[in-house]
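Open the model in your viewer and keep the selection panel at hand. The stops below run from the whole chain to single sites.

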Amino acid sequence: GLMSGVVARRTFGPVVLVIQFLIAGVTAAQGVPPVGDIVEKTNCVAYYAGKDGRAQVSMTITDEQGRTRSRRMTILRRDASSGDSEPAACRNQKYYVYFHRPSDVRGTVLTVWKQSAQDDDRWLYLPALDLVNRIAAGDKRTSFVGSHFFYEDISGRNITEDEHELVEASANYYVVKGRPGDPGAVEFKHYVIWIHRGTFIPVKVEFFDTQDRLYRVYQATKVETVQGFPTVVESRMEDRVRGGNTTLKFSRVQYDLGIDDEVFDERFLRNPPRALLR
């Protein structure tokens, strides 16, 4: 990530490169990489382990009254080639999320095409209606299938949408504050991420609303190494204002399966790739 002051911005030019060089020199002496590099690496670790991946996911939604609902899904993921013009890795990517349970959502499919240069494309297939719905770009920060996670939490937020500032570098964590470049496009004013220095796993994220109230908290509650990649296998999102939370448990996680790109095309919304979903 190229730097302008301590705020990461996607700006290119000789002046910025000189600033980048100077700041990198100062922070390297303290053993702390520039914040743009920290955020880039964290994004890669959190969402781009291996060239592709698969996981079974159990979701438990607990509402403010303590009532629970569960969902079971398989998530398939494949990194797409970004093209030579893309300055950094960990950008373009495709997701396929298939719901197994409960029976009323069985066969529901969400596909996401993440694109660095523009808004992500998202489609939701509803088998009961045999309908493919395009999810508007503005809806990415709304509830993912009735849970406390948002669509954007599942596939990741484009890091170029926010400005990042390193607020602390402790022995174990980098603490990074993020502010939206376009405050009108999101419901948060800022967020704070605790990034584990050893693995670059984001272990906690606190979201603050426009009144500076802490209203959402994400935590990675269990991390394991799978095929050499540090992997979050349990996580939780809490609503600190209304109450309630959603937990995700990942099992049978596998990377580098050689998942075919065509699996993420529209025709596979109605005809799921059964072998990959078993």
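Helices (H or I, at least four residues) and strands (E, at least two) are DSSP runs, numbered from the N terminus. This is a predicted model, in which local features need pLDDT of at least 70 and side-chain atom pairs count only at pLDDT 80 or more, while totals for chains, interfaces and linings use all residues. Residues are numbered from 1 along each chain as its sequence is written, and side-chain values use heavy atoms, with hydrogens and water left out.

**Whole chain**

Colour by pLDDT, the predictor's confidence in each residue, from 0 to 100. The protein chain averages 87, and 86% of the residues score at least 70. Now select residues 1–29. Their pLDDT is below 50, yet beyond near neighbours in sequence this stretch has 43 contacts in the model; contact means heavy atoms within 4.5 Å. Where pLDDT is low, the predicted coordinates should not be read in detail.

Switch to cartoon. The protein chain shows 5 helices and 15 strands. Of its 278 residues, 47% count as buried. Buried means under 20% relative accessible area, exposed over 50%, and partly exposed in between (1.4 Å probe, protein chains only). Among contacts with a separation of 6 or more, 48% join residues 24 or more positions apart.

**The largest pocket**

Select Ser147, His148, Asp239, Arg242 and Gly243. Of the 18 residues lining the largest pocket, these lie nearest its centre. Its volume is about 340 Å³. On a 1 Å grid over the protein atoms alone, a pocket is an open set of points with protein on both sides within 12 Å along at least five of seven lines; a cavity is a set of points where a 1.4 Å probe fits but cannot get out; lining residues have an atom within 4 Å of a point. Grid points are joined across faces, edges and corners, and a volume is the space filled by probe spheres set on the points.

Which strand gives the most to this lining? Strand E14 does, with 3 residues. The lining divides into 5 nonpolar, 5 polar and 8 charged residues. Here Ala, Val, Leu, Ile, Met, Phe, Trp, Tyr, Cys and Pro count as nonpolar, Asp, Glu, Lys and Arg as charged, and the others, Gly among them, as polar.

**The cavities**

Go inside. The whole structure holds 2 cavities of 30 Å³ or more. Helix H2 (residues 35–47) supplies the largest share of the lining, 6 residues. By class, that lining has 29 nonpolar, 7 polar and 7 charged residues.

The second largest cavity has about 90 Å³ of space. Its lining includes Asn43, Cys90, Lys114, Asp120 and Arg157.

**The core**

Select Met73, Leu110 and Phe144. Within the largest nonpolar core, of 46 residues, they touch the most other members. Such a core is a set of buried Ala, Val, Leu, Ile, Met, Phe, Trp, Tyr and Cys residues joined through side-chain atoms within 4.5 Å. Beyond its neighbours within four places in sequence, Leu110 contacts Tyr95, Tyr96, Val97, Trp123, Leu124, Ile135, Phe144 and Tyr151.

**Last stop: Thr60**

Thr60 sits in strand E3 (residues 52–62). Its relative accessibility is 32%, so Thr60 counts as partly exposed. Arg236 is 176 residues away in sequence, but 9.4 Å from Thr60, C-alpha to C-alpha.
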